[in-house]
Amino acid sequence: MESQSFGEFMQMWLYGEEGYYRKVRVGKTGDFYTNVSVGKFFGFTLGFYLQEILKTQKGRIAIIEIGSEKGDLIADIAEFLHLKGEENVEFWTLEPLNELQRIQKENFHQRLRMELQTATKLEDFSGLEVALFVSNELLDAFACELVFKGEMAFVEGGELVFKEINAEILELAKAFNVEIGEIPLGVFEFVENLARVAPKWLFLGFDYGALMARNTFSLRLYAQHQTQNFFPNPASKLCDSTLLGLFGKADLTYDVNFALWREAFLRVGGRECFFCVQNRALVDMGLDKMCEWYIAHFGLEHYMTQSSKIRTLISPGALGERFFGMCFANFEISAHNKAI
């Protein structure tokens, strides 16, 4: 078998012709669940936050979800804004896989009787004056290279082997103090293209990771809500290569190094609106005020039947402090919309 870097192998694992993400996988009946799987409160809170920003913007505005899978997050945001009477906005997903585009459009139309627009790449957008990007667990879906003390991983003959690192990955490893761990591919190019979509842009995302390099491996598989680590000792390059045999059959992910993503957004003129643990981010984005609106609209009894889902989102033992939220924009966001 021809040698290929682990990053090339991971790209095919997730997005190739037999790639894992070509089918719907997320949810309690799938391989793992996310903030969106918990219910509508997450999307409604993002909608509340974005509505305050929409009030200050003019022209052609789009909310664009990246990494949408079934399209539930963009539908939750659209539902909230529709119920609040917000009409001056378009709803899009950025989705390179045709199989998922169809599912997203059908789900959105079924829920809202509205049309969802889709694009396959950032360069497809034109004519927007304000682009508001949202994502949930997008960043850890970027293919990555594995580095270990001046070496990087390759897949050869069904085995993971470490050999001399190439210059590009070595430069990134040094810049972000990664001696052992994962280096995501294409981050700076992706953010540069995102910043070209519209004169004004915002990126709001949530993901699992750390604010800086931990210098251990975190690469792992998810299948049927069970986790398997590639590296039994995360500080060693000894790997369980048998897991490579699950190619395309399980989710392949790792902890996000947010320092790298922060730098990418700062380089294109982004201003940091907030960057903090998820529970703090959601509260500062207006979770409590959204809940007040929810009670007024749907009734206290209905809210009480759903309130346990909020605890899942903000509890330190659940998703609240295991995930981080971050928001960058190239235009001024009012103090009301900042998580201080």
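This is a predicted model: local features need pLDDT of at least 70, side-chain atom pairs count only at pLDDT 80 or more; totals for chains, interfaces and linings use all residues.
A residue is called buried when its relative accessible area is under 20%.

Between strand 2 and strand 3 the chain passes through helix 4, residues 72-83. This β-α-β crossover is right-handed.

Leu54 belongs to helix 3, residues 41-54. Its relative accessibility is 4%, so Leu54 counts as buried. Apart from neighbours within four places in sequence, Leu54 is in contact with Ile61, Leu81, Glu86, Val89 and Leu132. Val155 lies elsewhere: Leu54 and Val155 are 101 residues apart in sequence and 47 Å apart in space, C-alpha to C-alpha.

The next topic is the nonpolar interior. In soluble globular proteins, nonpolar side chains tend to be buried together. The largest nonpolar core of this model holds 73 residues. Phe6, Phe133, Leu146, Phe203 and Trp261 touch the most other members. With residues up to four places away in sequence left out, Phe6 touches Cys144, Glu145, Leu146, Ala153, Phe154, Val155, Leu160, Leu219, Leu244 and Leu252. A second core is separate and has 49 residues, including Phe41, Leu202, Cys273 and Phe331.

Aromatic rings were searched over the whole structure, and 39 aromatic pairs were found. One of the pairs joins Phe9 and Trp13, with ring centres 5.8 Å apart and planes at 75°. Planes over 60 degrees apart count as edge-to-face, so the Phe9 and Trp13 pair is edge-to-face. These two residues are 4 residues apart in helix 1, residues 6-15, and are thus separated by about one helical turn. An α-helix has 3.6 residues a turn, so residues three or four places apart point the same way. Phe9 is buried, with a relative accessible area of 9%. Trp13 is buried too, at 0%.

Phe190 and Trp261 form another pair. Their ring centres are 6.2 Å apart and their planes lie at 75°, so this pair is edge-to-face. Phe190 is in helix 7, residues 187-194, whereas Trp261 is in helix 8, residues 258-267. The pair therefore ties together parts that are 71 residues apart in sequence. Both residues are buried. They also belong to a cluster linked by ring pairs. Its members are Phe142, Phe190, Trp201, Phe203, Phe258, Trp261, Phe265, Phe275, Phe324 and Phe328.

Helix 7 itself is mostly covered, with 6 of its 8 residues buried. These are Val187, Phe188, Phe190, Val191, Asn193 and Leu194. They pack against strand 2, strand 5, helix 6 (167-175), strand 9 (180-184), strand 10 (200-210) and helix 8.

Charged groups meet rings at two further sites. Lys163 lies over the face of Phe154, at 4.9 Å from the ring centre. The charged end of Lys200 sits over the ring of Phe331, 5.8 Å from its centre. Phe331 is included in the second core.

Glu137 has a phi near 55°, a positive value in a residue other than glycine. Its loop runs between strand 5 and strand 6 (144-148). Asn215, also not glycine, has a positive phi near 55°. Asn215 is in the loop between strand 10 and strand 11 (220-223). How exposed is each residue? Glu137 is buried, with a relative accessible area of 18%. Asn215 is partly exposed, with a relative accessible area of 28%.

Definitions and conventions
Residues are numbered from 1 along each chain as its sequence is written. Side-chain values use heavy atoms; hydrogens and water are left out. A crossover is right-handed if, with the strands pointing away from the viewer, the path from the first strand over the helix to the second runs clockwise. A nonpolar core is a set of buried Ala, Val, Leu, Ile, Met, Phe, Trp, Tyr and Cys residues joined through side-chain atoms within 4.5 Å. Buried means under 20% relative accessible area, exposed over 50%, partly exposed in between (1.4 Å probe, protein chains only). Contact means heavy atoms within 4.5 Å. Rings of Phe, Tyr and Trp (its six-membered ring) pair if their centres lie within 6.5 Å; planes under 30 degrees apart count as stacked, over 60 as edge-to-face and the rest as tilted. A charge sits over a ring if NZ of Lys or CZ of Arg is within 6 Å of the ring centre and within 35 degrees of the ring normal.
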